[in-house]
Amino acid sequence: NPVNDAAADDVWGQKGSFTTYIPNNGGLSASSLSISSITGLDMDYQGNLWVVDSNNNRVLRFPKSAVNGGASGISKTADFVLGQDSFTGNGQGDGVVMNRLWHPNQVKVDRAGNVFVMEQNEPASGSLSRIIKYNAASIQTARSQGKVTVSADVKIYPRPGAAVDPLWWGPTAMAIDEPRNGLWISLCKGVCYFYSFSSNSVTKIIHWGGNLRGIDIDSAGNVY
């Protein structure tokens, strides 16, 4: 509790221990994390915690749980994984396939439960950076069928078949702007994009300069 407590109340990925920092402690599983590469997280509107486990090429969902959630009320064992076929896999994607991730760095969940995942890959790696979307309906269907994973539904940006964007390199962060129905994206090249879901295109480009590392939006619509 940041209001009245300076000490952490819960820990994920270390089998309940606050004194260890072992990557994939106990072996790759639904409760392990690579630790050194936790590059992003988000809370959805149902109270579930989504964590980017970048070195394991996956995003995990830790569900809200009144039974074994500890002080936070969130389970320490994931019940859903993006980017892998199971909780014990960590194979790399190639920036093209929709059922694999390659070093994801950000995750955001909108009010409807749609999940957006960003991959930041340099051109030299043979894979272009991208943002992909997992529809809420697809996730719900998979879970109702007892599955623990699902493939992404659509590549948000760059759009398939679109011309090469010379500014699209090193996306670092994103923020969902529901009132404007779009997504703000910061890039290493000192550029910020607004991607409109209505037109499926970038409708605003802001050149700030420098190496942008984050972006967020407040309830009044101001962008930081």
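Start at Ser129, which sits in the loop between β6 and β7 (helices, H or I with at least four residues, and strands, E with at least two, are DSSP runs numbered from the N terminus). Before going further: this is a predicted model, where local features need pLDDT of at least 70 and side-chain atom pairs count only at pLDDT 80 or more, while totals for chains, interfaces and linings use all residues. Residues are numbered from 1 along each chain as its sequence is written, and side-chain values use heavy atoms, with hydrogens and water left out.

Is Ser129 buried or exposed? Ser129 counts as buried because its relative accessibility is 3% (buried is under 20% relative accessible area, exposed over 50%, partly exposed in between, with a 1.4 Å probe and protein chains only). Leaving out residues up to four places away in sequence, Ser129 touches Glu119, Gln120, Asn121, Tyr157, Pro158, Trp168, Gly170 and Pro171 (contact means heavy atoms within 4.5 Å).

Now look at the strands on either side of that loop. β6 (residues 115-119) and β7 (residues 130-134) pair in the antiparallel sense over five bridges (two strands pair if DSSP finds at least two bridges between them). Within this pairing, Phe116 stands opposite Lys133 in β7. Both strands belong to an open, antiparallel sheet of four, in the order β5-β6-β7-β8. Its edge strands, pairing on one side only, are β5 (104-109) and β8 (154-157). On average, neighbouring strands here are turned by 25° against each other, direction ignored (axes are lines fitted to C-alpha atoms, for helices over the stretch in contact, and angles run from 0 to 180 degrees between N-to-C directions).

There's another open sheet with four antiparallel strands, ordered β1-β2-β3-β4. Here β1 and β4 (80-82) are the edges, and neighbouring strands are turned by 20° on average, direction ignored. Five bridges join β1 to β2 (residues 49-53), and Leu41 has Val51 in β2 as its bridge partner.

Finally, the largest pocket has a volume of about 340 Å³. It is lined by 17 residues, with Tyr45, Ile176, Glu178, Asp216 and Ile217 nearest its centre (on a 1 Å grid over the protein atoms alone, a pocket is an open set of points where a 1.4 Å probe fits, with protein on both sides within 12 Å along at least five of seven lines; lining residues have an atom within 4 Å of a point). The volume is the space filled by probe spheres set on the points, which are joined across faces, edges and corners. β1 (38-43), β5 and β9 (171-177) each supply at least two lining residues, and β9 gives the most, with three.
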